Amino acid sequence: MFLTILLSVHLCLCIQTVYSDPCASQPCANKGICTSLNGITFECKCQRLFFGERCEKQNDACKNHACKNGAVCRADEHGDYHCVCPAGYRGTFCEIDHDDCLPSPCYNSALCIDKIDDYKCLCNESGTTGKHCELRESDLKKCISECPDGSMCWRNYTTTLTIPWGYGGNICNTQHSCFGKQNKSDLEHLDYFIDVQLHPVQMQLGDVLNFTSDNSISAAVNGLMPRLIPVDVYNDSMSFVNCNTTNGTQLVTSPQHHIIVNNTELLHIGVHYFIMNIDFTYRCDFGLRLNISVKEHDCQNPESVHGEMCSNKGQCHTNFNLAHYQCQCCGGFRGKYCDKRDYCFSQPCKNQAECLNIDNSVGEDKYKCRCKPGYEGKHCSIEKDMCHSHPCRNDAICHSLVNSYRCQCKPGYTGRDCRVNSDECSSMPCKNNATCVDGIADFSCICPSGFTGSHCEVNINECASNPCKQGVCLDQINSYYCSCPAHYTGVDCNSRLNECSSQPCLHGGVCVDKVTDHECQCGLGYEGKNCEKDIDLCNKPEVC
């Protein structure tokens, strides 16, 4: 008799994912450009008038478009179209005439009348002019009659300038106190110390200087009343700083209470420096030095018939930063001689746009606006609809921003334009070495044998069907094991052991199989459980 042993065989199915170029098969039709997204999926960028996942569809949406007011229809890659609006119109179909009077660009209570991509201001107040009614005659008269703060304005006559020498209120020692805050150097926001000196003077060519001594130096010096003011003049600024009179020209040789300087050869156009040294107390080093700027004007247009200064539209002025007198134009005017209108004075350009005057322009448009990115229209008053071209993909919601847009992606997509399918497998949601397959806002797990569940997290109980006929079932991975009781065998413990299979009976005894045991029928002369005992038959009375 033979003993049959059944073995449990485990079969493993290994799944290996092999990545290849999804664009290798050229899936995009009609010359569409294929782009691999993650090595598994692809995206087609379609040529104009084609759309679809593989650019297989042609867009003829513009055949029956609804664009208004001369707008141009542009088909897109989504099978839809959008309208390119002409200047002055907006809306999905360019059906809205943009109101250029909101907010009103007109000044001085003028009435604004809306036009196509423009407006017109009707001036109501007397004495107001300009495209925006921004100019007032009263403002112009005030401007040309008042000298700007911190400036000197040209006189149409010469005069005598009295310059007091001494240590009174005419002494200064910082950039701001000597030259004023409006005449800043490179250190714009800082005041700083300079040489102690008399307040600098600016004068017109032809003016006369009258040097006098003030009360601060009128006291006797060594018994001498200083009626003499020995002043040296020269054009070397370093000598001015160092109080060096070596190269100077002495103005007088005898004591004088007043010194009149009217020599135009001496006081020619430019900067001149004067120094006075009386003794060791009243000296240049302690402030008795002076610089004077002699200036001519350049404020008359040579082409002007009447020779008006600054065309009667500005002030002929100067300051310490300027080499001569020049025109400072009143509001609304520009040019070297203020002979041109400044159409940008009323700030017609909106949203921080740059306004540019246009010379020799025909009609009312004497200026143009250079818009900042994200704005359009003649006056840059219209914020561009950055969603107009439908940049967001896969049914995303587009939010227009200034010169940009934001796509609110549907679940499962990401990227600036929501073009990229989110990789839901990146977080490795599948358990027990399962294979994750990415989907749209979802994933699926291919479970290895022996596991189930949405994440392959459940070990299948192979003992649930009670496969073991006898004994105890032990669950394993994709298998089970039956722990058989004594005298049973087989994968499912369904085979009872033959107790005679081991031929336990000796000396020719016949084995009789029983449940969990056997019985030996012994031959003559033997006995015992397995007929292992040899008995003496002569001692058996029944035998002899």
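How many aromatic pairs does a search of the whole structure find? The search finds 5 such pairs. The structure is a predicted model. The protein contains 3 helices and 47 strands, and 35% of its 544 residues count as buried. Among contacts with a separation of 6 or more, 43% are between residues 24 or more positions apart.

**Aromatic pairs**

- A pair of aromatic rings is described by the distance of the centres and the angle of the planes.
- W165 and F211 form an edge-to-face pair, with 5.5 Å centre to centre and 75° between the planes.
- Because W165 belongs to strand β14 (residues 160-165) and F211 to strand β18 (residues 208-213), this pair ties together parts that are 46 residues apart in sequence.
- Both W165 and F211 are buried.
- F240 and Y273 form a tilted pair, at 5.1 Å centre to centre and with 40° between the planes.
- F240 is in helix α3 (residues 237-242) and Y273 is in strand β22 (residues 270-276), so the pair ties together parts that are 33 residues apart in sequence.
- F240 has 5% relative accessibility and therefore counts as buried; Y273, at 14%, also counts as buried.
- W165, F211 and F274 are linked by ring pairs into a cluster.

**Charges over rings**

- K131 places its charged end over the ring of Y119, 5.0 Å from the ring centre.
- R155 lies over the face of Y157, at 5.5 Å from the centre of that ring.

**Nonpolar cores**

- The largest nonpolar core has 19 residues, of which I163, W165, L209, F211, F274, L290 and I292 touch the most other members.
- At least two residues of this core come from each of β14, β17 (201-204), β18, β21 (258-261), β22 and β23 (289-295).
- Another core, of 15 residues, lies apart from the largest one and has C101, C133, Y375 and C380 among its members.

**Strand pairing**

- An open sheet is formed by 3 strands in the order β13-β24-β25, with antiparallel pairing.
- Its edge strands, β13 (152-153) and β25 (326-329), each pair on one side only.
- Between β13 and strand β24 (residues 314-318), the antiparallel pairing extends over 2 bridges, and M152 stands opposite T318 in β24.
- Strands β1 (residues 33-36) and β2 (residues 42-45) run antiparallel and are joined by 4 bridges.
- The bridge partner of I33 is K45 in β2.
- The hairpin of β1 and β2 has 5 residues between the strands, and G39 in this hairpin takes a positive phi near 85°.

- Y81 lies in strand β6 (residues 81-84).
- Which side of the 20% limit for buried residues does Y81 fall on? Y81 has 16% relative accessibility, which is under 20%, so Y81 counts as buried.
- Y81 and A61 are 20 residues apart in sequence, and their C-alpha atoms are 6.2 Å apart in space.
- Leaving aside neighbours within four places in sequence, the residues in contact with Y81 include A61, C62, H65, A66, C67, F93 and H390.
- The side chain of Y81 also reaches the backbone nitrogen of A66, at 3.0 Å.

**Backbone geometry**

- Most residues other than glycine have a negative phi, and most peptide bonds are trans.
- L102 and P103 are joined by a cis peptide bond with omega about -10°; P103 is found in the loop between β8 (96-97) and β9 (111-115).
- K31, a residue other than glycine, has a positive phi near 65°.
- K31 lies in the segment before β1 and, at 73% relative accessibility, counts as exposed.
- S311, also a residue other than glycine, has a positive phi near 55°; S311 lies in the loop between β23 and β24.

How values were computed: Residues are numbered from 1 along each chain as its sequence is written. This is a predicted model: local features need pLDDT of at least 70, side-chain atom pairs count only at pLDDT 80 or more; totals for chains, interfaces and linings use all residues. Side-chain values use heavy atoms; hydrogens and water are left out. Rings of Phe, Tyr and Trp (its six-membered ring) pair if their centres lie within 6.5 Å; planes under 30 degrees apart count as stacked, over 60 as edge-to-face and the rest as tilted. Buried means under 20% relative accessible area, exposed over 50%, partly exposed in between (1.4 Å probe, protein chains only). A charge sits over a ring if NZ of Lys or CZ of Arg is within 6 Å of the ring centre and within 35 degrees of the ring normal. A nonpolar core is a set of buried Ala, Val, Leu, Ile, Met, Phe, Trp, Tyr and Cys residues joined through side-chain atoms within 4.5 Å. Two strands pair if DSSP finds at least two bridges between them. Contact means heavy atoms within 4.5 Å. A polar contact is a pair of N or O atoms within 3.5 Å; within protein, one must be able to donate a hydrogen and the other to accept it, and residues adjacent in sequence count only if both atoms are side-chain atoms.
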